Amino acid sequence: MRVTLSADAKRYIRLFAEETDINPLDCLIEGDRVVLLIPAGEMADAIGPDGHTVDRVEAKLGREIELVENADTPAAFVASALAPAAVRGVTISEQGDRVAYAEVAEADRGIAIGNDGRRIETARKLAQRHYDIDDITLT
């Protein structure tokens, strides 16, 4: 699926790449934060030692940065987008709409949802953009 980026999103991706040598695959601008989709296997480098890389980029942007690691399958992508919540498994249903059912421990439901529902809404947007998933439901 082709993702269209705004000029601001392209600018944030470019700045992140200049600071980290990691080229994000996507960027969502959501109010006071920027969500960057990081290539699989590059999350540790994107965060940096003790989070210093992210801190440095946040200071330059003047915005909070959230990183999501890409994955090869829709189920793995949904689990990654809900991190740091522990996702036990993801089932993709294709009866009418394409829905991802993510099994999350009761103790991690709040983490998967995030403050004011931000984490799950971000996961839904990214899953729609990259895997044509219409919704994510926690089970």
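1. Basis of the description. The model is predicted: local features need pLDDT of at least 70, side-chain atom pairs count only at pLDDT 80 or more, and totals for chains, interfaces and linings use all residues. Residues are numbered from 1 along each chain as its sequence is written, and side-chain values use heavy atoms, with hydrogens and water left out. Helices (H or I, at least four residues) and strands (E, at least two) are DSSP runs, numbered from the N terminus.

2. The sheet E1-E2-E3. Three strands form an open sheet in the order E1-E2-E3, and the pairing is mixed. Two strands are said to pair if DSSP finds at least two bridges between them. At the edges stand strand E1 (26-30) and strand E3 (64-69), each of which pairs on one side only. On average, neighbouring strands of this sheet are turned by 20 degrees against each other, direction ignored. E1 and strand E2 (residues 33-38) run antiparallel and are joined by five bridges. Within this pair, Leu 28 has Val 35 in E2 as its bridge partner.

3. Helix H1 on that sheet. Helix H1 (residues 7-20) packs on the sheet and touches E1, E2 and E3. Contact here means heavy atoms within 4.5 Å. The direction of H1 makes about 120 degrees with that of E1. Such angles run from 0 to 180 degrees between N-to-C directions, and axes are lines fitted to C-alpha atoms, for helices over the stretch in contact. In the loop between H1 and E1 lies Asp 21. The phi of Asp 21 is near 65 degrees, a positive value in a residue other than glycine.

4. H1 against H3. Two packed helices are described by the angle between their axes and the distance between the axes. The axes of H1 and helix H3 (residues 52-61) cross at roughly 140 degrees and come within 10 Å. H1 and H3 are therefore oblique to each other. By the convention used, angles under 35 degrees count as roughly parallel, over 145 as roughly antiparallel, 65 to 115 as roughly perpendicular and the rest as oblique. H1 and H3 make a right-handed crossing; a crossing is right-handed if the near helix is turned clockwise from the far one by less than a right angle, and left-handed if anticlockwise. H1 contributes Tyr 12, Leu 15, Phe 16, Glu 19 and Thr 20 to the contact, and H3 contributes Thr 53, Arg 56, Val 57, Lys 60 and Leu 61. By class, the contact of H1 with H3 has five nonpolar, two polar and three charged residues. In this scheme Ala, Val, Leu, Ile, Met, Phe, Trp, Tyr, Cys and Pro count as nonpolar, Asp, Glu, Lys and Arg as charged, and the others, Gly among them, as polar.

5. The sheet E4-E5-E6. A further open sheet has three strands in the order E4-E5-E6, with mixed pairing. Its edge strands are E4 and E6, each pairing on one side only. The twist averages 20 degrees from one strand to the next. H4 packs on this sheet, where it touches E4, E5 and E6, and its direction makes about 135 degrees with that of E4.

6. Six bridges join E4 and strand E5 (residues 99-104) in the antiparallel sense. In this pair Val 87 stands opposite Val 104, and Ser 93 stands opposite Val 99. E4 and E5 form a hairpin with five residues between them, and Gly 96 in the turn has a positive phi of about 80 degrees. E5 and strand E6 (residues 135-138), by contrast, pair in the parallel sense over four bridges. Here Tyr 101 stands opposite Thr 137, and the bridge partner of Ala 102 is Leu 138.

7. H4 against H6. Helix H4 (residues 74-81) and helix H6 (residues 118-131) pack with their axes 9 Å apart, at an angle of about 155 degrees. That makes H4 roughly antiparallel to H6. H4 passes H6 in a right-handed crossing. Residues of H4 in the contact include Phe 77 and Val 78, while those of H6 include Leu 126 and Ala 127. The contact of H4 with H6 has eight nonpolar, one polar and one charged residues.

8. A cis peptide bond. Ala 83 and Pro 84 are joined by a cis peptide bond, with omega about 15 degrees. Pro 84 lies in the loop between H4 and strand E4 (87-93).
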